[in-house]
Amino acid sequence: MNRTSEKCFTKLLLFFLTVNLFAAEFSLSVGPRYSFRNSTTEEILYFSGTFNTDKNKVCSLLEWNEKAVMSAGIGTQGQLTTDSGNSFIFSADFDFTFPYNSSWMSDSDWTSSGIKFNYSKFDCTLDSPFSGGGIKNFSAETYFAYKVMLPWSAEIQPRFGFSYSSVHYKARNGYGWYGSSRWTSDGKLHPWNSPWSHYFPDGKYHLAGINYYVRKTAVFTGLELSKKLKSSFSVFAGADLYPFTFVLAADRHLGSRDYYETCDYVYNICRSYDFYAGIKTELSSRVTLNMNLTYYVFETSRGKQLLEFDEGGTEKSGQDGGFSNRTWCFTSSLSYRF
């Protein structure tokens, strides 16, 4: 390409961009969001592989459950629509979770031979978003998308984005059955539901409680399809794949071990995904109601575990930690278009 051709090409490109920019229409939508979620998070500890143990077997499992947990926040979306009807979209959502007695947490321990010898259960509570310094129980998601108009009043929307969430739990008022030789009536190891196992009824002596927090950062990409059924009513469905997710999950056992945190550093490559579907109703020329249901999966992944001491310093535990999560979330939002 000679210099004359380069100049012509540059002029044509600038002309095309200028025409499309001035022909495009920009709109900004802002409004409140409300959501309710049910979820189960698994905090996993694997055997170390020493003393003839299998490092791929689970020696401890804590299941943290949420039931009808409510969040509220604000959603924003900017949209630049060209004269062809296609649109560039930028979206950002921010949510805080209300402090709530979310449900229950269970704690189970196994021997290397597969005998479940400890089982306990606790009330599970979410921290206030602003308790104890810093922001807790907070989530943010932002994405960029390009919406393409299709025949029959349909649209397709590829997107790419980032998400962050922080969840803090407290497990209290525990009770459980302990079958280790330390606690059984005959001084031998027994399954947790054996008549020789010891029952702690009120949590005041042995079951002091556990604090647990999860911080998750992710990149995602997805595709959404929508169809307008009436002039003011649409349905949509989509799916996202998370190419990379990093999780920091840390717990603190209160009582005799209340001087360090057990921290699991877990990476997940293309093993997280979600599916969603919903409806969109235009209540007026500027106000839109959006409702959708999402199912999110973080498949079981394992990572290195460190002990972080209150007095400073870290130490390898010699074992791997693991993490998984499954969440159902219903979200309703109102947006006002300026």
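The model is predicted.

Start with strand S1, residues 25-46. Its partner is strand S14, which covers residues 314-337. The two run antiparallel and share 15 bridges. One place to look is Arg33, whose bridge partner in S14 is Ser333. Ser27 also sits in S1. Is Ser27 buried or exposed? Its relative accessible area is 12%. The cut-off for buried is under 20%, so Ser27 is buried. Leaving aside residues up to four places away in sequence, Ser27 touches Gln77, Gly78, Gln79, Arg337 and Phe338.

Thr294 stands opposite Cys329 of S14. S13 and S14 form a hairpin, with 4 residues between the strands. Gly312 lies in that turn and has a positive phi of about 105°.

Next, move to strand S10, residues 233-253. S10 pairs with S9, S11 and S12, as the following steps show. Begin with S9, residues 210-230. S9 and S10 pair in the antiparallel sense over 19 bridges. Thr221 faces Leu241 of S10 across this pairing. The hairpin that joins S9 to S10 passes through 2 residues.

Strand S12, residues 272-282, is another antiparallel partner of S10, with 10 bridges. Here Asp240 stands opposite Asp274 in S12.

Then comes S11, residues 260-268. S10 and S11 pair in the antiparallel sense over 7 bridges. They form a hairpin with 6 residues between them. In the turn, Gly255 has a positive phi of about 95°. Asp251 has Thr262 as its bridge partner in S11.

How many cavities of 30 Å³ or more does a search of the whole structure find? The search finds 1. The largest cavity holds about 30 Å³ of space. Its lining consists of Asp251, Arg252, His253, Arg257, Tyr260 and Thr262. Both members of the bridge pair, Asp251 and Thr262, are therefore part of this lining. S10 and S11 each supply at least two lining residues. The largest share, 3 residues, comes from S10. By class, the lining has 3 charged, 2 polar and 1 nonpolar residues.

The largest nonpolar core has 29 residues. Those with the most contacts inside this core are Trp64, Met105, Tyr169, Tyr212, Val247 and Phe323. Two or more residues each come from S2 (58-81), S5 (116-126), S6 (138-150), S7 (154-178), S9, S10 and S13. S9 gives the most, with 5 residues.

Not counting residues up to four places away in sequence, Tyr169 touches Ser39, Thr41, Trp64, Glu66, Cys124, Thr125, Leu126, Ile210, Asn211 and Tyr212. Two of these contacts, Trp64 and Tyr212, are also among the core residues with the most contacts.

Finally, check the backbone. Most residues other than glycine have a negative phi. Asn137 has a positive phi of about 50°, although it is not a glycine. Asn173 has a positive phi as well, near 55°.

Asn173 is placed in strand S7. At 1% relative accessibility, Asn137 is under the 20% cut-off and so counts as buried. Asn173 has a relative accessible area of 56%. Exposed means over 50%, so Asn173 is exposed.

Methods. Residues numbered from 1 in each chain as written. Predicted model: local features only at pLDDT ≥ 70, side-chain atom pairs only at ≥ 80, totals over all residues. Heavy atoms only, no water. 1 Å grid on protein atoms, 1.4 Å probe; cavity = no way out; pocket = protein on both sides within 12 Å on 5 of 7 lines; lining within 4 Å. Points joined across faces, edges and corners; volume = space filled by probe spheres on them. Nonpolar A, V, L, I, M, F, W, Y, C, P; charged D, E, K, R; others polar. Buried < 20%, exposed > 50% of the residue type's maximum accessible area, 1.4 Å probe, protein only. Contact = heavy atoms within 4.5 Å. Pairing = 2+ DSSP bridges. Core = buried A, V, L, I, M, F, W, Y, C linked by side-chain atoms within 4.5 Å.
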